Amino acid sequence: MTSTMNTVGRPTAPAPSAPDHDYKHPTLTGGRGLLQDEPLIFEGDGWLKTGVDLAEPTSDGGDLGDLVRRDPIGLPGLSEPEAMRHYVRLSQKNHAIDLALYPLGSCTMKHNPRLNEKMARLPGFSDIHPLQPVSTVQGALELMDTLAHWLKTLTGMPAVAMSPKAGAHGELCGLMAIRAAHEASGEHEKRRKVLVPTSAHGTNPATAAFVGYTVVEVAQTDDGRVDVADLASKLGDDVAAIMVTNPNTCGLFERDIIEIARLTHEAGAYFYCDGANFNAIVGRVRPGDLGVDAMHINLHKTFSTPHGGGGPGAGPVVLSEALAPFAPAPWVVNDGDGFKLVERAEDEAVQAFGRMCAFNGQMGMFVRALSYMMSHGSDGLRQVAEDAVLNANYIKARLSDVMSAAFPDGPCMHEALFDDEWLKGTEITTLDFAKAMIDEGFHPMTMYFPLVVHGAMLIEPTETESKAELDRFINALRLLAGAAKAGEVERFKGAPFHAPLRRLDETRAARSPKLRWTAPEGHNMAAE
Amino acid sequence: MRYLPLTSDDRSAMLAAIGAKTIDDLFVDVPAPARRDGFVDLPRVMGELEVERALKALAGKNTAAGDAPFFCGAGAYRHHVPATVDHIIQRSEFLTSYTPYQPEIAQGTLQYLYEFQTQVANLTGMEVANASLYDGSTAMAEGVLMATRVTRRNKAVISGGVHPHYVAATETVVHAVGVETEVLPTAIDAEADVIGRIGPDTACVVVQTPNVFGTATDVTKIAEAAKAAGALLIVVVTEAVSMGLLKSPGEMGADIVAAEGQSIGNALNYGGPYVGLFACRQSLIRQMPGRLCGETVDADGERGFVLTLSTREQHIRRDKATSNICTNSGLCCLAFSIHMSLLGETGLRKLALLNHEKALATRDALAAIAGVEVLTPRFFNEFAVRLPRPAAEVVERLAEHRVLAGVPFSRLNPGAGMDDVLLVAATETTLDADIQILAKALGKVLAG
């Protein structure tokens, strides 16, 4: 074989690869190209090191006597360059929206505009204290009031509680308001049940139980919606609320939602809507027009505050007239003489049910969300819903001939749901298929959720994917589907082969939990 | 619209592929009365420049802590955060990733969570820590609920030194499930009073150190009393830096620690997002709330990390879960962890001492003012003073002179009869000049 050389005698084409290429040839150091093998910070030699230059203290805390901490704490330090490398090396082992499609159904992994990050870091927002005199934070209160106005307008609801710190915290807030309303009307003692469809997010039943309600499941029809007859048969004067996600977790709009709300109200119960999927309808449908009494809005989904590897989020809850008086402290009022912050409900002699957290909610997320909303405007937000729904339907249409759509008839909303019927007889499971997607450069879709669909694969592309990116994704899934049906079992069972790590042993992790680094025998942290 | 990649040609082609005529065909399941034509009544699309102008105008109406002598604390503290922290947390791979449910492509997040858990465990002196809760106050609520599960008892005894907002946030949640609380009278230095209130039905006692008035307390005797009665001791810490100078809750016998981690790596942010630290004894882990990251190996035997013990959690256990929490404070954990890695034990101890020194200097300056009485006997970086006038009024007057003098206790608990009490905090960011300006301005206001 001849190879072309350049003028310094270097080959200009790569040598042919080894014939028996295995997927992951071990290296001598554990490093692999751009992926560095990075130990824990505790495994280095930095027990006495620091990466921060501070003034020398002039005392030793002697005035505190026995209260002073004397024993080693066990916190290694890194110089600044070491810290930078440590975290950058770690970062390169993560998938991210900025890298590729992140089609996690129910999670709304959309583009996170950096303008929002910049705005949240303005010292006028980031460097203000939650208990500063309100006269010195008028702009912050105005921002909260403005965001509240946008949220109320988009949902068609009269009130909003801003302080919940995430979706599940919002659910808690909503159910507490419902409970307070039943207490006020003397019905709390008999209304101890919350109805939740089988397709609900896990947080719904967990929240209901968290505040002491008994959870009763409501069946689902064959077309993926709440079984209204079953719901009606379970509604009664012992029911406090229903919790329904709409669009639901099958990615479908609840066609009977207005009837569901009517039946619920007729039974004296309240309608809590899980707003996780608001992205599908923002600007086109107002939950207030559907009869909703309370709904949390995940600012980290619909309004694009970053997910940050699991948080922080924010979960303001819009409330109906009936529930508004029970909203928790604090809240913002504008009495014409500037903005005020009502921090204690009893001051206002209202029926607020209490307080969700120490301070005023997720201000950093409020700034980002308002920045995002203003950037889109009412026209852009309506387009968000339309493009999100269009993208999901496009994926559903282009994959339905090779995979089995769970609900093939009619359009879906912003997520396309498939089951594992099409994998029957291949030995390949939903999990295997998802892990093989990793090798192709995509994050898996949400798997095995909702529980009502066997081997569920829930794909939510969001509106921030281009058609070219969707086509690339669709093409990859079509190729994988073909390989699955052609019997390439090992490609799936062994996957991922190309990720930083292969499949991890979760059973082992849970059987004998090791939740922290501990010093090996004889290790002296102070002496190094 | 700059964030929407589809062109109108794309949309037409995609509708055709779907077999739909218009976008409205995809919304047919929406009941007719709820379908809206046209746009909701809000402003239209804005360019980046316009949004930036509008939001800067709002930010400009606030007095940033860095622009004035600043002495507010009471559960949120202004510290210097190294520039490296904010740079790293804005990396795409951290900022724009989800909860690490697919560990093969989330080792970056999982490894820092494992490091974070170890740092928090060591800082608090506890055996294990979780991967964060929303903030310190919700961590306290979760701690009380956890104690009721562990002990199968139903009552929490809460010291009068616990931050009133923490108490309110906790009572709001735990009363809903029928857990009783007994909150002792507000007091500057009376943590030991909880001992006399421990009974056979006590699931836990909750004490805060340093407490809301800044008083630092050795809770060892409280821990012993709780243990003897079969109750758990929950120690609340609202200023994480204090653990660099003061004995850790673990060393003093805490069973559960619920702390606010904002002080390390995170800005004031007008109250959020913050990061709840939650640590406990190893034997209690199956009753813990929140995510836990654990070590394991992959199919090739290489070490890796995964979220574990998820049978405690809502997405698996639904109504039998230990908590409903899902989204937590991931990126704030990262900020905490980076800042802590930069500090190391050496830097943390130094930082804590500097905070203490600044607070001592502030105390001395205020104690010299006629009519000002220092109330807190021993403290870390925050203390209470009694003023001859209502503190809220004084703080407002000082704000007019662009001095943020601290937090009037009446703002946290108007019913405590402590309208004349002011909470004053100092940190390494406090300048000697700031202390002088505060003392001078306060003296003037009190004299005037």
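**Entry 1: a strand pair in chain B**

I started at B:A384 and looked across the sheet: B:L423 in strand 13 of chain B stands opposite. I'm working on a predicted model, and I'm keeping that in mind throughout. Next I checked how strand 11 (residues 382-386) and strand 13 (residues 421-425) of chain B are joined, and I found 5 bridges, with the two strands running antiparallel.

Then I traced the whole sheet. It is open and has 4 strands in the order 10-11-13-12 in chain B, with antiparallel pairing. Which strands stand at the edges? I noted strand 10 (373-374) and strand 12 (407-408) of chain B; each has a single partner strand, so one side of each is left without a neighbour in the sheet.

I also looked for helices lying across this sheet. Helix 10 (residues 330-367) of chain B lies across strand 10, strand 11 and strand 13, and it runs at about 10° to strand 11 of chain B. Helix 11 (residues 391-400) of chain B lies across strand 12 and strand 13, at about 50° to strand 13 of chain B.

**Entry 2: the domains of chain B**

I looked up how chain B is divided. Domain 1 takes in 65-80 + 345-447, and domain 2 is 83-339. I got 27 Å between the C-alpha centres of the two domains of chain B. Their contact uses 29 residues from domain 1 and 25 residues from domain 2 of chain B.

Which elements give two or more residues to the domain 1 side? In chain B they are helix 10 and strand 11. Helix 10 of chain B turns up again with the largest share of that side, 7 residues. I sorted the domain 1 side by class too, and got 18 nonpolar, 7 polar and 4 charged residues.

**Entry 3: a sheet in chain A**

Over in chain A I found an open sheet of 7 strands, ordered 1-7-6-5-4-2-3, with mixed pairing. Strand 1 (159-161) and strand 3 (214-218) of chain A are at its edges with a single partner strand each, so each has one side without a neighbour in the sheet. Ignoring direction, neighbouring strands here are turned by 25° against each other on average.

With strand 3 of chain A, strand 2 pairs in the parallel sense over 5 bridges. In this pair I spotted A:L195 opposite A:V216 in strand 3 of chain A.

**Entry 4: where the chains meet**

How many residues does each chain put into the contact? I wrote down 175 residues from chain A and 164 residues from chain B. On the chain A side, helix 9 of chain A brings the largest share, 22 residues. That side divides into 87 nonpolar, 54 polar and 34 charged residues.

The largest nonpolar core holds 324 residues, and A:A177, A:L319 and B:I234 touch the most other members. Helix 9 (residues 363-399) of chain A supplies the largest share of this core, 20 residues.

Last, I looked at B:R44, in the loop between helix 1 (8-18) and helix 2 (48-59) of chain B. Is B:R44 buried or exposed? I counted B:R44 as exposed, because 11 other C-beta atoms lie within 10 Å and the cut-off for exposed is 12 or fewer. Setting aside neighbours within four places in sequence, B:R44 is in contact with A:G377, A:S378 and A:D379.

Definitions and conventions
Residues are numbered from 1 along each chain as its sequence is written. Chains are lettered from A and ligands numbered from 1 in the order in which they are written. This is a predicted model: local features need pLDDT of at least 70, side-chain atom pairs count only at pLDDT 80 or more; totals for chains, interfaces and linings use all residues. Two strands pair if DSSP finds at least two bridges between them. Two residues are in contact if their C-beta atoms, placed from the backbone, lie within 7 Å. Axes are lines fitted to C-alpha atoms, for helices over the stretch in contact, and angles run from 0 to 180 degrees between N-to-C directions. A nonpolar core is a set of buried Ala, Val, Leu, Ile, Met, Phe, Trp, Tyr and Cys residues joined through C-beta atoms within 7 Å. A residue is buried if 20 or more other C-beta atoms lie within 10 Å of its own, exposed if 12 or fewer, and partly exposed in between; C-beta atoms are placed from the backbone. Ala, Val, Leu, Ile, Met, Phe, Trp, Tyr, Cys and Pro count as nonpolar, Asp, Glu, Lys and Arg as charged, and the others, Gly among them, as polar. Domain bounds come from an automatic or database domain assignment.
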